[in-house]
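Visitor: I would like to understand the words you use for a model like this one. Could you take me through them, giving the rule behind each?

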Amino acid sequence: MTFADPTLNTPDDLIKDGTDASFMKDVVEASMQQPVIVDFWATWCGPCRTLGPALEKAVRGAKGAVKMVKIDVDANPAYAGQLRVQSIPTVYAFVNGQPVDGFQGAIPDSQIKAFIDKLTGGQGVNTDVENLLALGQESLALNDLGGAAQAFAHVLTMEPDNQAAIGGMAMVYLAEGDAEQARQTLAMAPADSRDPTIQSVRAQLALASTAPVAGENAELEARLKADPNDHQARYDLSLALAASGDLAAAVDHLLTIVEKDLEWNEQAARKQLLTVFEAAGPTSPIAKDGRRRLSSILFA
């Protein structure tokens, strides 16, 4: 099938409010040139308010490879009835004048992207952004903070709300020791962001903010030597170790507390372990090994 050149579309052309009267032109005829997504929604529908903006963002991110038409079913019931829309939100994809795919209900961003990629054959994927993000992560792993910052900053000039780039840039600032700038960078991301790098930086900042006063490590170690069951001293030492970046040692001390007294201080050690795992990254060896050891203690 042959579609129109996506670069000929402007952002205003990509998304529009449709009606029953304009459906043939906006959807059926337009889909002869390129895929058209139809979002059947209503003003009173809660999930619609979640899905709609996510769909619009994904359509704009596809760089003109697909269009979107929004149909309020209360004001325009005819085509919703013909297509047997029984619940909303319902989304249909039209190609060559016919519905070819669809789904019901609000779905995660990843599934929305997969839906659009399947529809467009990946035409909307911005390989420049993907390559730059990969370069930034590789540079971070090599401790090339300058190279990482340059890659993430380049992505943000193209996609200012790209959460992976926001998290990467915050990680750069944190690695440079500039916690305040890291916090300001994280403020660019939604408060409920599930991006793993953003979550990791937030957890690391949280660890740093709860650390005991610098220089107390020797005193805490002495207290532990005198009384290995001094859970408060062990807990405070774990905070200091985590704040300094020694997450593995912090995990060891916290697991020791959990093993000896899970309920100590309202399960403070177990809760702190989850923050440390998040700071390390969910797929890191520290998190994987720590979760395995925690499970063996809890379910022994």
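Guide: Let's start with the second largest pocket, which holds about 320 Å³ of space. This is a predicted model, so local features need pLDDT of at least 70 and side-chain atom pairs count only at pLDDT 80 or more, while totals for chains, interfaces and linings use all residues. Residues are numbered from 1 along each chain as its sequence is written, and side-chain values use heavy atoms, with hydrogens and water left out.

Visitor: What makes a space a pocket, and how is a volume defined?

Guide: On a 1 Å grid over the protein atoms alone, a pocket is an open set of points with protein on both sides within 12 Å along at least five of seven lines; a cavity, by contrast, is a set of points where a 1.4 Å probe fits but cannot get out. Grid points are joined across faces, edges and corners, and the volume is the space filled by probe spheres set on the points. For the second largest pocket that space is about 320 Å³.

Visitor: Which residues that line the second largest pocket are the closest to its centre?

Guide: They are Gln137, Leu140, Met171, Thr197 and Gln204, out of 14 lining residues. A residue counts as lining if it has an atom within 4 Å of a point. The elements that give two or more residues to this lining are helix H6 (127-141), helix H8 (163-175) and helix H10 (196-209). The largest share, 4 residues, comes from H10. Helices (H or I, at least four residues) and strands (E, at least two) are DSSP runs, numbered from the N terminus.

Visitor: Why is the link between Cys45 and Cys48 called a disulfide?

Guide: A disulfide is a pair of cysteine sulfur atoms within 2.5 Å. The S to S distance of Cys45 and Cys48 is 2.3 Å, and by this rule the count comes to 1 disulfide. The torsion about the S-S bond is about 85 degrees, so this disulfide is right-handed.

Visitor: How do you know whether Cys45 is buried or exposed?

Guide: Buried means under 20% relative accessible area, exposed over 50%, and partly exposed in between, with a 1.4 Å probe and protein chains only. Cys45 has 3%, so this residue is buried. Cys48, with 6%, is buried too.

Visitor: And is Asn143 buried or exposed?

Guide: Asn143 has a relative accessible area of 58%, so this residue is exposed. Asn143 is found in the loop between H6 and helix H7 (145-158). Its phi is near 65 degrees, a positive value in a residue other than glycine.

Visitor: Why point out a positive phi?

Guide: Most residues other than glycine have a negative phi, and most peptide bonds are trans. On the peptide-bond side, a cis bond joins Ile88 and Pro89, with omega about 0 degrees. Pro89 is in the loop between helix H4 (78-82) and strand E4 (90-95).

Visitor: What makes E4 and strand E5 (residues 98-104) a pair?

Guide: Two strands pair if DSSP finds at least two bridges between them. E4 and E5 have 6 bridges, in the antiparallel sense, so they meet the rule. Thr90 stands opposite Gln104 in E5. The two strands form a hairpin with 2 residues between them, and Asn96 in the turn has a positive phi of about 55 degrees.

Visitor: Why is strand E2 (residues 36-41) called largely enclosed?

Guide: Because 5 of its 6 residues are buried, E2 is largely enclosed by the rest of the structure. E2 runs parallel to strand E3 (residues 67-72), joined by 6 bridges, and Ile37 stands opposite Met68 in E3.

Visitor: What does Phe277 touch, not counting residues up to four places away in sequence?

Guide: Phe277 touches Val251, Pro282, Ile286, Ala287, Gly290, Arg291 and Leu294, where contact means heavy atoms within 4.5 Å. Phe277 is found in helix H14 and has a relative accessible area of 0%, so this residue is buried.
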